[in-house]
Amino acid sequence: MKVDRRVALKLMASAVAATMARCSPPDEEIIPYADMPEGLVAGVPMRFATTSSLSGYGRGFLGITVDGRPIKIEGNPRHPFSLGATDVFAEAEVLSLYDPGRSSNVLRDGQIANWDDFASGWEGVAGSTAGSAIALATGRIVSPTTLARSDALQARLPELRWYRYEPVNDDAARAGAQLAFGRLVTAMPAGRKPMSRWCSMPTRWATGPTSCMSRAPSRLAAGRTIGSGSMSSSRHGLRPEPRQIFVCRWRLN
Amino acid sequence: MASVALMGAGLTYLIWKSPYATNQRLTRGQPVPFSHAHHAGDLGLHCRMCHTGVEKAAFAGLPSTHICMACHSQIWTNAAMLAPVRQSLKTGTPLHWQRVNRLPDYVFFDHSVHIANGVGCSTCHGPVQDMALMRQQEPLTMGWCLQCHRHPERYVRPRNRVFDMAWQAPADQATQGARLVKEYHIDAAHLTDCSTCHP
């Protein structure tokens, strides 16, 4: 029997095909929930109204999750801050949920502990002193309940130190207003009724949602050194000096 | 010699199509020997009781442990075969089921759109109400899908019969089906577009 090149190739081809004939996908598992959240449909994005806080202000958005995993923050048209839009901080908020540095545990000397450890440690320190060994580190708190609790704590522990820090805040703007007007004021779009306090927030000025940005007078953004200044009616480069109250003077002129 | 190659190719094709290759009628081991014959057949539970996503999502969904235990916290509470379910409830660890009906990852299949367009459960899954242990009834090959995508009028049924496991095509399915295809606005011309299933 003569097997020439052509026939040999044909035989090879059919042998390869025959080998692959029994190739079927590997076995797969389906792992449902043990306890499925109410209203969830597997694989379908779920939206719910939520708030995230920035500088202590609660800001309303819609969160989108797929099978319990947050994937996107979107504007909530029915919330006065958002009016359907988001800002850069809200857009980035979803990443913070995947931040590996985010600790959800009680730590003791850098090691994971639990709330029982905290309670016993707390009794040891707070039970016998006036709180000189205790420091409270928080962001800005606006919740009346939390404020009342921390006031009560301070009353009980007079030497307690309380550190408040917000990486993004409107402290400078508030101090500037105090300097210029002798009291705290809130920026209002000219010729409009006072808007909610949402518009006085630092996020507003750092490319906030269109809801406020479009209504706020563009000159308010003048003098700022970050991105939103590019939309101003005029631009002035300023050094970040604490007593610089250019914006306020501009407004008064 | 050429005929040998031809026979080889023919044999290969037959193996390819055979239940041996498509995994049809293969009964897989499951953590709990759940019987559709008992639950769907004897008791007459509705498909949607456990497959809650079937009308709303691509994936029909498998019941959470809590759905199983909605009944089994009351009945058969000490049955040995349900021990894995109770264990799952206790520990919060889900059951790991073996998938029976599997499509390749490059196929997009959506249960909800088929349900909405009058394709019944039994058309693809067969007489589930008679299966003590679940098995794949149909080959789930592309050629098999195309039988319906080319001629949906042969398979579609009234929407209120979609979950009816006893439904049989009526004698006048040709006219009934054609009427339903029109009623459901099924555009048969585009059902065989590649991108319909391979987006």
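**A helix across a sheet in chain A**

Helix H2(A) lies across strands E2, E3 and E4 of chain A and runs at about 170° to E4(A), an angle taken, on a scale from 0 to 180 degrees, between N-to-C directions of axes that are lines fitted to C-alpha atoms, for helices over the stretch in contact, where contact means C-beta atoms, placed from the backbone, within 7 Å. The model is predicted, so local features need pLDDT of at least 70 and side-chain atom pairs count only at pLDDT 80 or more, while totals for chains, interfaces and linings use all residues. Residues are numbered from 1 along each chain as its sequence is written, and chains are lettered from A and ligands numbered from 1 in the order in which they are written.

Q: What makes residues 88-96 of chain A the helix H2?
A: A helix is a DSSP run of H or I with at least four residues, and a strand is a run of E with at least two, each numbered from the N terminus; residues 88-96 form such a helix, H2.

Q: Which residues of H2(A) are called buried, and why are they on the same side?
A: Phe89(A), Ala90(A) and Glu93(A) are buried, meaning that 20 or more other C-beta atoms lie within 10 Å of a residue's own, against 12 or fewer for exposed. They cover an arc of only 95° around the axis, which puts them on the same side of H2(A), the arc being that of the directions from the helix axis to the C-beta atoms. On the other side, Val88(A), Ala92(A) and Leu95(A) are exposed.

Q: How do you know that E2(A) and E3(A) pair?
A: Pairing needs at least two bridges found by DSSP, and nine join E2(A) to E3(A) (residues 57-66), so these antiparallel strands meet the definition. One of the bridges joins Ser53(A) to Gly58(A) in E3(A).

Q: Why are E2(A) and E4(A) called edge strands?
A: The open antiparallel sheet has the order E2-E3-E4 in chain A, and E2 (46-54) and E4 (69-75) each pair on one side only.

Methods
Two residues are in contact if their C-beta atoms, placed from the backbone, lie within 7 Å.
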